[in-house]
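Here is a short tour in questions and answers. Look over the chain before reading on.

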Amino acid sequence: MKQVPVEELVEAVRVTLDENQVESEYLATGTDNMELDELIRAKLAVAVRSVIEMCPSQLLDAESLDLVSVKPVDAGNGCGYILLPDDFLRLVSFKLKSWNRAVTSVAEEGSSTDLMQRNSFTRGTPLKPVCVFSHHAEGQRTMEYFTAGKGEDGKADHSIERALYIPIPIVRSGDSGDTIGIPALLRSSIVYYCAGLVEISRGNSEQGDLFLKLATSNFNPS
């Protein structure tokens with residue numbers, strides 16, 4: 001994801017609020033401007049994360065999991081799991097070399113899909129693989145997969161072909177100022193969503209909800 005200066009996004013949110021004429025009095029003085037900037041900064045990372053979690057995966061700029069440190073663990077009967085990194089937010093694509101297709105959405109632990117994976121007759125297959133979020137016995141977050149296909153040796157092949165994800169967005173400090181990583185195609189949605197959170201936090205729920213709807217409407221411009 002592209003690192004964008006925080007102040008650039010703060011200014012974009014301010015302009016959005018001003019253009020929609022909801023902040024004419026609030027923007028009147030220097031002191032008020034400073035207070036508004038701080039409120040926008042406080043909501044920015046939440047807005048980025050929320051938009052990333054909601055949007056269609058084709059709008060995301062994914063990163064590859066470090067397959068040197070993230071290795072598949074054979075759990076038997078072709079099933080397995082990987083330990084998720086601490087900064088894991090959302091899966092974009094996961095595919096074993098022995099699968100016919102990639103998995104792009106993950107079932108939640110305890111869901112009906114999860115329960116189906118506990119039965120060898122109803123769990124995922126190399127033709128229709130399934131992934132489920134879970135936890136290691138020591139509490140670490142994991143992603144289980146069902147089921148690996150067989151390699152040339154007749155044994156289950158757990159080799160990973162592709163593992164793309166979105167990390168948790170954080171504000172990074174640098175010599176030239178703070179930055180935050182955002183998907184290029186989601187900039188306007190993030191600006192609108194942040195504006196919505198700002199307005200809701202100030203008690204303007206109706207205007208805030210309007211901005212939130214504008215944010216999600218940008219997912220499908222047509």
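**Strands, helices and local turns**

Q: How many bridges join β5 to strand β8?
A: This is a predicted model. In it, β5 and β8 (residues 160-167) run antiparallel. Within this pairing, L96 stands opposite I160 in β8. The number of bridges joining β5 to β8 is seven.

Q: Which strands stand at the edges of the open sheet of three strands?
A: The pairing in this sheet is antiparallel, and its order is β2-β8-β5. An edge strand has a single partner, so one side of it is left without a neighbour in the sheet. The strands at the edges are β2 (63-64) and β5 (88-96).

Q: Are the rings of F94 and Y145 stacked, edge-to-face or tilted?
A: The structure holds six aromatic pairs. A pair of aromatic rings is described by the distance of the centres and the angle of the planes. For F94 and Y145 the centres are 5.9 Å apart and the planes stand at 35°, so the pair is tilted.

Q: How many residues apart are F94 and Y145?
A: F94 is in strand β5. Y145 is in strand β7 (residues 141-146).

Q: What is the order of the open sheet of four strands?
A: The pairing here is antiparallel. β3 and β6 (130-135) stand at the edges, each with a single partner strand, so one side of each is left without a neighbour in the sheet. Direction ignored, neighbouring strands are turned by 30° against each other on average. The order is β3-β4-β7-β6.

Q: Which residue in β4 is the bridge partner of G76?
A: β3 and β4 pair in the antiparallel sense over three bridges. D74 has G80 in β4 as its bridge partner. For G76, the partner in β4 is C79.

Q: What phi does N77 take in the hairpin of β3 and β4?
A: The hairpin has two residues between the strands. N77 is found in that loop, between β3 (73-76) and β4 (79-83). Most residues other than glycine have a negative phi. N77 is not a glycine, although its phi is positive, at about 60°.

Q: Is the peptide bond from F146 to T147 cis or trans?
A: Most peptide bonds are trans. T147 has its place in the loop between β7 and β8. The bond from F146 to T147 has omega near -10° and is cis.

Q: At what angle do helix α1 and helix α4 pack?
A: Helix α1 covers residues 6-19, and helix α4 covers residues 187-201. Their axes are 9 Å apart. The helices pack at an angle of about 65°, which makes α1 roughly perpendicular to α4.

Q: How do the residues of the contact of α1 with α4 divide?
A: On the α1 side, the contact is made by E8, L9, A12, V13, T16 and L17. On the α4 side, R187, V191, Y192, C194, A195, V198 and E199 take part. They divide into nine nonpolar, one polar and three charged.

Terms used. Residues numbered from 1 in each chain as written. Predicted model: local features only at pLDDT ≥ 70, side-chain atom pairs only at ≥ 80, totals over all residues. Heavy atoms only, no water. Axes fitted to C-alpha atoms, helices over the stretch in contact; angles between N-to-C directions. Parallel < 35°, antiparallel > 145°, perpendicular 65-115°, else oblique. Contact = heavy atoms within 4.5 Å. Nonpolar A, V, L, I, M, F, W, Y, C, P; charged D, E, K, R; others polar. Pairing = 2+ DSSP bridges. Phe/Tyr/Trp six-rings, centres within 6.5 Å; stacked < 30°, edge-to-face > 60°.
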